[in-house]
Amino acid sequence: MQEVLLSVNPVPDDVRLRLSESAVKVVTADDLSPKDIPSVTIMYGWDPELGHKIITSEHNNLKWVQHLGTGVNDLPLDILKQQGVQVTNASGEKSVPIAQTILGYILFVARGINEYHLKTTWAPDTNQYTLSELPTIIFGTGKIGTQIATYIKALGGHVVGVNTTGLGPSVFNQIVRLHDVQDVAQSAKVLVNTLPGTAETINLFDESFLSQFNDLQLFINTGRGDSVDQDALLKLINAGKIGFAALDVTTPEPLPDGHPLLTNPKVLVTQHTSWAEHNAPKRPDTLWKVVLQNIPAYLRGDPLPFNRVDLQKGY
């Protein structure tokens with residue numbers, strides 16, 4: 001059976017040529033007729049309507065989905081897992097701009113800029129910090145977490161990573177398991193969440209969990225909006241238990257006008273843009289390189305080696 005790749009985006013000519021050399025036929029949604037749906041074996045990007053038609057087709061042959069985002073909780077993971085479909089994602093593709101945004105949040109608060117930009121009178125305040133004075137704890141030690149740690153360490157900061165195993169990249173000063181966070185919570189001044197959206201992370205950062213950090217200067221979320229109990233976060237901020245919050249993700253998105261997260265002077269919301277790059281629209285779609293790297297293994301029937309998602313874990 002011929003491999004047929006359905007792309008939800010335009011396909012560059014050089015990519016189309018290289019795939020044809022591997023005997024992979026490329027089609028787009030405009031090329032696809034209803035009778036062709038069972039022939040699709042690979043999807044580049046996920047179109048909910050087309051995807052649903054494919055996975056519910058009586059003669060479904062889908063084997064691989066290349067998702068265009070890092071988080072995959074918008075995919076029907078249970079069905080894909082049941083059907084034996086492999087999923088790859090965009091892990092690491094936006095780690096640099098996201099990490100630089102997070103570094104910007106930290107410096108914004110550390111250097112007191114969050115206070116100065118609100119001042120309308122001359123009132124100097126020297127209660128500022130260097131990064132060496134703000135021990136940081138990062139939830140998630142993947143590509144984004146590692147890039148953040150690299151930047152912070154380069155500026156003299158101390159970084160603890162949190163994951164499920166307690167093992168990970170050596171750039172972190174220390175890595176602890178999620179269940180052992182209480183051992184390091186008291187020393188943290190900055191908390192960064194980069195965790196994926198799973199059943200285990202929903203409302204992970206609730207009032208009880210956040211109360212372990214008794215002198216948190218800054219809470220940052222670039223993971224998933226539903227991992228944070230936003231009412232609890234606002235309560236702790238208003239009570240002076242958390243100094244400031246920088247949120248790239250929220251629940252819901254977009255936030256309605258007048259939402260407390262948008263009006264609180266102790267909260268910065270960057271509206272899910274931490275990934276953005278000025279020149280990105282002028283660059284070629286970089287995720288095709290992941291497809292081309294994975295094609296040889298796919299054609300051999302081997303597990304995909306690059307950016308493969310564990311469908312049991314959801315990341």
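**From the end of the chain to the sheet**

Author: Asn 307 lies in the segment after H10. Elements are DSSP runs numbered from the N terminus: helices are H or I with at least four residues, strands E with at least two. This is a predicted model, in which local features need pLDDT of at least 70, side-chain atom pairs count only at pLDDT 80 or more, and totals for chains, interfaces and linings use all residues. Residues are numbered from 1 along each chain as its sequence is written, and side-chain values use heavy atoms, leaving out hydrogens and water.

Asn 307 has a phi near 60 degrees, a positive value in a residue other than glycine. Its relative accessible area is 15%, so Asn 307 is buried (under 20%; exposed is over 50%, partly exposed in between, with a 1.4 Å probe and protein chains only).

Step back to helix H10, residues 288-300. Helix H1, residues 13-21, packs against H10 at about 10 degrees, with the axes 11 Å apart. Axes are lines fitted to C-alpha atoms, for helices over the stretch in contact, and angles run from 0 to 180 degrees between N-to-C directions. H1 is therefore roughly parallel to H10 (under 35 degrees; over 145 is roughly antiparallel, 65 to 115 roughly perpendicular, the rest oblique). H1 brings Val 15, Arg 18 and Leu 19. They meet Trp 288, Val 291, Leu 292 and Ile 295 of H10; contact means heavy atoms within 4.5 Å. By class, the contact of H1 with H10 has six nonpolar residues, no polar ones and one charged.

Next, the loop between E12 and H10 holds His 272. Phi of His 272 is positive too, near 55 degrees. With 33% relative accessibility, His 272 counts as partly exposed.

Seven strands make an open, parallel sheet, ordered E8-E7-E6-E9-E10-E11-E12. Two strands pair if DSSP finds at least two bridges between them. Strand E8 (174-177) and strand E12 (267-269) are the edges, each pairing on one side only. Neighbouring strands are turned by 15 degrees against each other on average, direction ignored. Helix H6 (residues 143-154) packs on the sheet. H6 touches strand E6 (136-139), strand E7 (159-163) and strand E9 (190-193). The direction of H6 makes about 165 degrees with that of E6.

Thr 141 sits in the loop between E6 and H6. Thr 141 is buried, at 13% relative accessible area. Its side chain makes a polar contact with the side chain of Asn 163 at 2.9 Å. Leaving out residues up to four places away in sequence, Thr 141 touches several residues, including Thr 146, Gly 161, Leu 167, Phe 172 and Ile 175.

Now the E12 end. E11 (residues 245-247) and E12 pair in the parallel sense over three bridges. Ala 246 stands opposite Leu 268 in E12. Helix H8 (residues 230-238) packs on the sheet, touching strand E10 (218-221), E11 and E12. H8 makes about 150 degrees with the direction of E11.

Last, two peptide bonds to check. Thr 251 and Pro 252 are joined by a cis peptide bond, with omega about 0 degrees. Glu 253 and Pro 254 are joined by a cis bond as well, with omega about -5 degrees. Pro 252 lies in the loop between E11 and helix H9 (260-263). Pro 254 also lies between E11 and H9. Most peptide bonds are trans, and most residues other than glycine have a negative phi.

Key:
Nonpolar A, V, L, I, M, F, W, Y, C, P; charged D, E, K, R; others polar. Polar contact = N/O pair within 3.5 Å; in protein donor to acceptor, adjacent residues only side chain to side chain.
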